[in-house]
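Take a look at the model below. We will go through it one region at a time.

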Amino acid sequence: MPDAPKLDTRHAHSARVYNYWLGGKDNFAADREAAEQAIAANPGIVADVRANREFLVRAVRFQAAECGVRQFLDIGAGLPTANNTHEVAQAVAPDARIVYVDNDPLVLSHARALLTSSPQGACDYIDADLRDPGKILREAARTLDFAEPVAITLIAILHHITDYDEARSIVKRLVEAVPSGSYLVISHSTNVICGAESDQAVARWNQFGKPPLTLRSLEEIAGFFDGLELLEPGLVSTPRWRPDATDIGGDLRDVDQFCAVGCKP
Ligand SMILES: C[S@@+](CC[C@H](N)C(=O)[O-])C[C@H]1O[C@@H](n2cnc3c(N)ncnc32)[C@H](O)[C@@H]1O
């Protein structure tokens with residue numbers, strides 16, 4: 001089982017850099033420096049990250065409102081921000097049950113903000129590594145009923161699992177644990193839109209940041225959904241996944257973060 005990371009303020013960490021890009025205050029000097037370097041390499045990165053977060057909100061709302069999902073397993077929760085998964089799901093379905101998972105010690109120390117469930121629903125937080133799906137499933141069973149559909153959300157986390165076969169087998173293990181009618185929600189970094197600019201931003205991140213990041217092709221990202229039925233519009237750049245009415249007609253800029261939602265038949 002992987003060792004739990006200790007709070008390391010000397011290196012930039014994914015959750016804290018992401019928090020900086022989202023306008024949060026839970027970050028250290030090394031995080032801010034890496035975040036600014038990434039902005040210098042790719043000035044569009046802040047908009048990309050916000051588009052990713054907006055996808056998370058639309059996808060969770062869609063699952064709760066249109067698919068009747070009442071259970072969410074959000075792995076790679078990140079630092080609490082506006083519109084956390086439980087707030088979005090419970091605004092539609094107050095009885096929704098949400099389990100958050102992350103392995104970052106700072107996220108753990110802020111987890112209380114992720115546990116503000118409605119009285120009718122439930123929230124839990126698991127300090128665990130995605131590479132240990134057995135622990136995640138065992139501990140999530142305290143809150144989730146695995147006989148009922150679950151939406152597994154892996155938003156901007158799978159690109160931190162460097163080995164593709166390992167990443168696929170983790171996803172397979174998680175999907176095997178949920179019943180028919182469950183959903184898999186993924187967003188993942190790629191370089192199909194910006195090419196070398198995205199490659200350079202990632203190379204720079206991997207010099208200073210943790211955990212390392214791996215870009216994948218659209219074929220590889222689609223491979224995570226093998227055996228599932230992709231919902232419309234399929235695998236697309238995050239701003240193009242069921243944009244809100246107010247976004248349509250606006251500037252739906254393609255970004256190097258692609259996403260999809262699959263249903264287990
Ligand atoms: C880029 S942030 C995304 C946060 C959130 N999902 C979102 O999209 O707004 C990635 C998150 O995944 C977490 N993470 C990265 N590798 C992980 C692993 N192996 N196990 C658990 N969490 C991990 C990081 O700590 C961080 O909070």
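Helices here are DSSP runs of H or I, at least four residues long, and they are numbered from the N terminus. By that rule α1 is followed by G23, whose phi is positive, near 90°. Keep in mind that this is a predicted model.

Stay with α1. The helix is mostly covered, with 6 of its 8 residues buried. Those residues are A15, R16, V17, Y18, N19 and W21. Buried means under 20% relative accessible area.

Now turn to the ligand. It is surrounded by 19 residues, and R53, G76, D102, L130 and I155 are the closest. By class, the shell holds 9 nonpolar, 6 polar and 4 charged residues. Several side chains place polar atoms by the ligand's oxygen atoms. In R53, an N or O atom of the side chain is 2.6 Å from a ligand oxygen. For D102, a polar side-chain atom also lies 2.6 Å from an oxygen atom of the ligand. N52 has a polar side-chain atom 3.0 Å from a ligand oxygen. How much of the ligand's accessible area does the protein cover? On its own the ligand has 600 Å² of accessible area, and the protein covers 97% of it. Two elements give two or more residues to the shell: α1 (14–21) and α3 (45–66). Of the elements, α1 gives the most, with 3 residues.

A pair of aromatic rings is described by the distance of the centres and the angle of the planes. The count comes to 3 aromatic pairs. In one of them, F55 and W241 have ring centres 5.5 Å apart and planes at 80°, so the pair is edge-to-face. The cut-off for that label is an angle over 60 degrees. Why does this pair tie together separate parts of the chain? F55 lies in helix α3, while W241 lies in the loop between β9 (236–237) and β10 (257–263), so the two parts joined are 186 residues apart in sequence. Both partners are covered. F55 has 0% relative accessibility and therefore counts as buried. W241, at 1%, counts as buried too.

W241 has another aromatic partner, F62. Their rings are edge-to-face, 5.6 Å centre to centre with 85° between the planes. This pair also links distant parts of the chain: F62 is in helix α3, W241 is in the loop between β9 and β10, and 179 residues separate them. F62 is buried, as is W241. Together, F55, F62 and W241 form one aromatic cluster.

Finish at Q71. This residue is found in strand β2 (residues 71–75). Is Q71 buried or exposed? Its relative accessibility is 5%, so Q71 counts as buried. The Q71 side chain makes polar contacts with backbone atoms. One polar atom of the side chain lies 2.7 Å from the backbone nitrogen of D145. The backbone oxygen of E148 is 3.3 Å from a polar atom of the Q71 side chain. Leaving aside residues up to four places away in sequence, Q71 touches R97, T143, L144, D145, E148, P149, V150 and A151.

Conventions. Residues are numbered from 1 along each chain as its sequence is written. This is a predicted model: local features need pLDDT of at least 70, side-chain atom pairs count only at pLDDT 80 or more; totals for chains, interfaces and linings use all residues. Side-chain values use heavy atoms; hydrogens and water are left out. A residue is near a molecule or strand if one of its heavy atoms lies within 4 Å of it. A polar contact is a pair of N or O atoms within 3.5 Å; within protein, one must be able to donate a hydrogen and the other to accept it, and residues adjacent in sequence count only if both atoms are side-chain atoms. Accessible areas come from the Shrake-Rupley method with a 1.4 Å probe; for residues, only the protein chains shown count as cover. Ala, Val, Leu, Ile, Met, Phe, Trp, Tyr, Cys and Pro count as nonpolar, Asp, Glu, Lys and Arg as charged, and the others, Gly among them, as polar. Buried means under 20% relative accessible area, exposed over 50%, partly exposed in between (1.4 Å probe, protein chains only). Contact means heavy atoms within 4.5 Å. Rings of Phe, Tyr and Trp (its six-membered ring) pair if their centres lie within 6.5 Å; planes under 30 degrees apart count as stacked, over 60 as edge-to-face and the rest as tilted.
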